[in-house]
Amino acid sequence: VFGIETLSGNAQAAALIGIVLVEAIVLHVGYSGLTRIAAPWFRRFVEA
Amino acid sequence: MEVLGVGITMIALFVGFGLLIGILFGFFGMGGSFLVTPALLVMGYPSRVAVGSGLAFVFGTSVIATIKHRNLGQVDYKLGVSMIIGTTLGIEVGKEIVLHLEELGLAGGIISVTYVLLLGGIGAFVTYEALKGDGGGGMDHDVDEDAEIDADDIPDIAKRIQSYRVPPMLTLRGGVQVSLWMVLAVAFVTGLLSGFLGVGGGFIRMPALFYLIGVPVPIAVGTDLFEIVFSGGIGSFLYAQSGGVDLSIVVPLLAGSALGAQLGSAATSIVDEEGIKVYFGLMLLGGAVAVAFRQVGESFGIPVLNTVSFVLIIGAALLVSGAVVYSSLAAIRREDAGQAGMGAD
């Protein structure tokens, strides 16, 4: 996955944790923006 | 069709399960990740992968939670770093125990029994407190940053532990002084549980910081989150070294839970947590029963119990997160109807 199989022991472990860290940051930024944009629309939809 | 080496159905299942867990974590501030490792064990993943991937998931989730809280000034870095040292040792010992038990073929059974006792105990406590109605049993991450506990509110056990003045002494935020050795001991025990069960350990560490060390609740919450980033990161790194972290599990779980956490934390501002907490306690009890069913099914060769167990875990998470979403929608509609009524007057 993501070519990290070619890495050895510690490097592979570090790469795995790095991927999770980057994913968490990207998701936080992305979903926060999405929530800000979509929240008013969603509220109007529920209230309708 | 396959993504990350697994079928699209499994990916969808993990994203959906992550979404449910994220709603629970975002709303209650605790407990979501507690269901991941048992679910992975029930799905037939080896103990090492279930625990390692559970820890990696906890790491990702706590990174997101810590980013949210980073500006609240609730982290005692001196305490946090001291905790990390004790926790790392604890995680390493916990991991070695799991690997040793795995060699003996006992890991799944012993981890399951420990889970049943812990989930059952905490579930019973939360349910009891919710029914009693005094608001206990949860771990509120959204506390007032200026809130400080009164000296009189420091628990008696914490006062006693603070009285053991074995040098070196640590001066914590809020003026609390405590022996470094006491901090390391608490951190070691919570780290041991993290490494052994694949959980962040926050549900034990946060109360331990308050009840055993006497750290003010807001600082305990912030430091706990800071610490989970490291305990989860170190724990998952140690497991990743021995092939225990499976990205095909962690990536979709995290994708779902990050969205769920946004929804769950938004729901806290419109729904009364107390009304739902009893379901949360029952969900934990359901998780304990599910793990027990799986273990009995494996021990006595009754495969249907494994299916029942899986349905119980997913069903319990679905029920409580559904209750959160339903209550939120109902509250928005009530609020809207109230505003319309006032407008009509």
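Between them, chain B and chain A bury about 2400 Å², and 74% of that lies on carbon and sulfur atoms, where buried area is the accessible area, taken with a 1.4 Å probe, that two parts lose on being put together, summed over both. On the chain B side, B:L247, B:Q262 and B:I332 lose the most area to chain A, together 22% of what that side buries.

Before I go on, this is a predicted model, in which local features need pLDDT of at least 70 and side-chain atom pairs count only at pLDDT 80 or more, while totals for chains, interfaces and linings use all residues. Residues are numbered from 1 along each chain as its sequence is written, and side-chain values use heavy atoms, with hydrogens and water left out.

Counting contacts, meaning heavy atoms within 4.5 Å, 27 residues of chain B touch 24 residues of chain A. By class, that side of chain B has 18 nonpolar, 5 polar and 4 charged residues, with Ala, Val, Leu, Ile, Met, Phe, Trp, Tyr, Cys and Pro counted as nonpolar, Asp, Glu, Lys and Arg as charged, and the others, Gly among them, as polar.

How far can we trust the coordinates of chain B? Its average pLDDT is 78, and 82% of the residues score at least 70, on a scale of the predictor's confidence in each residue from 0 to 100. Over residues 135–147 of chain B, however, pLDDT stays under 50. Where pLDDT is low, the predicted coordinates should not be read in detail. For the complex, the predictor gives an ipTM of 0.86 and a pTM of 0.73.

Methods. Chains lettered and ligands numbered in written order.
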